[in-house]
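Visitor: Could you take me through the packing and the charged pairs of this chain, one question at a time?

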Amino acid sequence: MSMQSIESTDAISLLQPWSEDFDLIRGFFDEEVHESIIRLCSDGSFVDMLTEFFTITESSDSQGTLNQTVKSTLGSLQSVNTIDALQQLVNEIASPIIEMSVSNLSVSGLDQLSPDRHYLFISNHRDILMDPLLLNMLLYRNQQTTAHCAIGDNLLKNHIALEFAQLNKCFRVLRALKSPKAILKAMKLQSAYIRHLSFNRAENIWIAQKEGRSKDNLDKTNPALIKMLGLARPKEVPFGEYISKLNIVPVSFSYEWDPCDIDKATELLITEQQGHYQKEAIEDLTAVKKGLLQPKGEVHVHFDSELLDGKIDQMNHAEIAQCIDYSIALNSKVFPVNLAATSAISPELLTSSELNLFTPKQINLAAEKLERRLDHCSTAVRTRVLQNYAVSVKR
């Protein structure tokens, strides 16, 4: 690209004027926080949710102690007046659940990212709540600005979930639309809002590489996602250049154990057998609770460097998606259960270098735990779960 091209592009403003349409999807502003929290704290179902949370995390036998904990938390919430203060409190509240359900949380690459730059984090998506929760917790702990997180509105039908998400810098992705015209309009709105967050506010953003969790652990970026990001670009700016200026950073989430592994396998099998899967209304909430509360073993999160160090200006959306896929796969972490699952399917597929990643004892213990986990599953579900865990082995 010529110097003249760079200069002319840099002279074009990437600022996105505010649109009233953003109100349909945006998170809350600081001035809306206190009123929202007061409303939540007076809602019985929100209080019930807090009570359930602390019952699990504290395993308290004393109802008086439990009530005092909930009352103290409600009091702390009601003194919050800004998004930053709320996220600090959420981090304090969520830390015990992370420590309870994750045996070891590790992170790499984050220290290589500048706190003075804004980034668009695009990651694989394994867990509804834990992925964005862990990402923001790690950013917060490393003195980085937390990210605005894209959340499908299918998860925000409950008024408490919607309000708490908006308080936590989440913005809605409209998924219930049917007509191509409405879908395109929603994509343009989302693209414009991301442009506003990136260039007007220089904020970090997180979005999953495709709609919904990866049920089969095949982490593939939907090229349409990359195309969506460019819908709001100024016409004078080439597609690749605009995407480059969003500062995409691929993020790899690696979970040793997936609390929803059997549920995902069951859904995949029903979809294959019947052509579709009719989800019950309670299933998303159940998945959120399982993913948050049940043991996950080790979890590793890798933040890659900026995608191709910004050298993506000549690529199209499909090529950029492939680069993200390569980064996520390269930086994922293999655990003993992944080798145990591969061995259970086809032992001959494991190379000596893969087997040397762990001791035979570690692999055997993982195999025994996996078999206990699948003890009451049908042969078809068992096979699918094994396949899903085996996918994570690098080839």
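Visitor: In this predicted model, which residues have the most contacts inside the largest nonpolar core?

Guide: The model is predicted, and its largest nonpolar core has 52 residues. The largest share of this core, eight residues, is supplied by helix H5 (residues 83–101). The residues with the most contacts inside the core are Phe-121, Leu-135, Trp-206 and Phe-303.

Visitor: Which residues does Phe-121 touch, leaving aside those up to four places away in sequence?

Guide: Phe-121 is one of the residues with the most contacts inside the largest core, and two others named with it, Leu-135 and Trp-206, are among its own contacts. With residues up to four places away in sequence not counted, Phe-121 touches Leu-113, Leu-135, Leu-139, Ala-147, Asn-204, Ile-205, Trp-206, Ile-207, Val-249, Val-251 and Phe-303.

Visitor: How many residues are in the other core that lies apart from the largest one?

Guide: This other core includes Ala-192, Leu-225, Ile-243 and Cys-323.

Visitor: Turning to charged pairs, is Arg-126, the partner of Asp-219 in a salt bridge, buried or exposed?

Guide: The closest N and O atoms of Asp-219 and Arg-126 are 2.8 Å apart. The pair links distant parts of the chain, 93 residues apart, with Asp-219 in the loop between strand S5 (204–208) and helix H9 (223–229) and Arg-126 in the loop between strand S2 (120–123) and helix H6 (130–141). Asp-219 has a relative accessibility of 16% and counts as buried. Because the cut-off for burial is under 20% relative accessible area, Arg-126, at 12%, is likewise buried.

Visitor: What separation along the helix do Arg-39 and Glu-35 have?

Guide: The side chains of Arg-39 and Glu-35 meet in a salt bridge, at 3.7 Å from N to O. Arg-39 is partly exposed, with a relative accessible area of 40%, whereas Glu-35 is exposed at 56%. Because they are four residues apart in helix H2 (residues 30–41), their separation is about one helical turn.

Visitor: Which helices hold Asp-263 and Lys-290?

Guide: Asp-263 and Lys-290 form a salt bridge whose closest N and O atoms are 2.6 Å apart. Asp-263 is partly exposed at 36% relative accessibility, and Lys-290 is also partly exposed, at 22%. The pair ties together parts that are 27 residues apart in sequence, because Asp-263 lies in helix H11 (residues 261–274) and Lys-290 in helix H12 (residues 283–293).

Notes: Residues numbered from 1 in each chain as written. Predicted model: local features only at pLDDT ≥ 70, side-chain atom pairs only at ≥ 80, totals over all residues. Heavy atoms only, no water. Salt bridge = Lys/Arg side-chain N within 4 Å of Asp/Glu carboxyl O. Helix = DSSP H or I, 4+ residues; strand = E, 2+ residues; numbered from the N terminus. Buried < 20%, exposed > 50% of the residue type's maximum accessible area, 1.4 Å probe, protein only. Core = buried A, V, L, I, M, F, W, Y, C linked by side-chain atoms within 4.5 Å. Contact = heavy atoms within 4.5 Å.
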